[in-house]
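Q: I would like a close look at one part of this model. Please keep it brisk and give the cut-offs as you go.
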Amino acid sequence: QGQLVESGGGLVQSGGSLTLSCAVSGFNWEYYAIAWFRQAPGMEREAASCITDTGAITYYANSVKGRFTISRDDAKNMVYLKMNNLQPNDTAVYYCAAGLMCGAPDGMDYWGKGALVTVSA
């Protein structure tokens, strides 16, 4: 059974940085794209970033482009989301998800339980 476990969330001041990690196990994840979604209170879940199975292509939401960097380390079964210049509207629960391609949440096959990121003003 596929499993994704997020870590690295927490409280940070506006302008600060955090790196989220996603530990992947239980399936042939090297053939999967890995995405980071986020969901703020009262809002729908949205895609923040995604990396393809080979790592050759990355996608970013316009709201995080230039501030967030996604990467994967297949040897360590890890995916990372480096977040710089965090702003209060980045406050959300961040979810790691795996799917055969980058896309909408309903296209993802495996999900983590989420990590809370809170950015104070």
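How many disulfides does the structure hold? Take them one by one, then move on to the residues that pack elsewhere.

A: The model is predicted, so local features need pLDDT of at least 70 and side-chain atom pairs count only at pLDDT 80 or more, while totals for chains, interfaces and linings use all residues. Residues are numbered from 1 along each chain as its sequence is written, and side-chain values use heavy atoms, with hydrogens and water left out.

The structure holds two disulfides. The criterion is a pair of cysteine sulfur atoms within 2.5 Å. Such a link is a covalent bond between the sulfur atoms of two cysteines. With the bonded cysteines numbered in sequence order, the pairing is 1-3, 2-4.

Start with Cys22 and Cys96. Their sulfur atoms are 2.0 Å apart. The S-S torsion is about -80 degrees, so this disulfide is left-handed. Cys22 sits in strand S3 and Cys96 in strand S9, so the bond ties together parts 74 residues apart in sequence. Strands here are DSSP runs (E, at least two residues), as helices are (H or I, at least four), numbered from the N terminus. Both Cys22 and Cys96 are buried. Buried means under 20% relative accessible area, exposed over 50%, and partly exposed in between (1.4 Å probe, protein chains only).

Now Cys50 and Cys102. Their sulfur atoms are 2.0 Å apart. The S-S torsion is -85 degrees, and the link is left-handed. Cys50 lies in strand S5 (residues 46-51) and Cys102 in the loop between S9 and S10, so parts 52 residues apart in sequence are tied together. Cys50 is buried, at 5% relative accessibility. Cys102 is partly exposed, at 23%.

Next, the core. The largest nonpolar core has 28 residues, and Leu4, Leu20, Phe27, Trp36, Leu81, Met83 and Tyr94 have the most contacts inside it. Elements giving it two or more residues include S3, S4 and strand S9 (92-99). A second, separate core has six residues, among them Ala33, Ala35, Phe37 and Ala97. A core is a set of buried Ala, Val, Leu, Ile, Met, Phe, Trp, Tyr and Cys residues joined through side-chain atoms within 4.5 Å.

Phe27 is buried, with a relative accessible area of 14%. Leaving aside residues up to four places away in sequence, Phe27 touches Gly2, Gln3, Leu4, Tyr32, Ala98 and Tyr110. Contact means heavy atoms within 4.5 Å. Phe27, Tyr32 and Tyr110 form one aromatic cluster. The whole structure has five aromatic pairs. Phe27 and Tyr110 make a stacked one, 4.1 Å centre to centre with 25 degrees between the planes. Pairing requires ring centres of Phe, Tyr or Trp (its six-membered ring) within 6.5 Å; planes under 30 degrees apart count as stacked, over 60 as edge-to-face, the rest as tilted.

Last, Arg45, in the loop between S4 and S5. Arg45 is partly exposed, at 31% relative accessibility. Arg45 lies over the face of Tyr95, 3.8 Å from the ring centre. Arg45 also lies over the face of Trp111, at 4.8 Å from the ring centre. The test is NZ of Lys or CZ of Arg within 6 Å of the ring centre and within 35 degrees of the ring normal. The side chain of Arg45 makes a polar contact with that of Gln39 (3.3 Å). That term covers N or O atoms within 3.5 Å; within protein, one must be able to donate a hydrogen and the other to accept it, and residues adjacent in sequence count only if both atoms are side-chain atoms.
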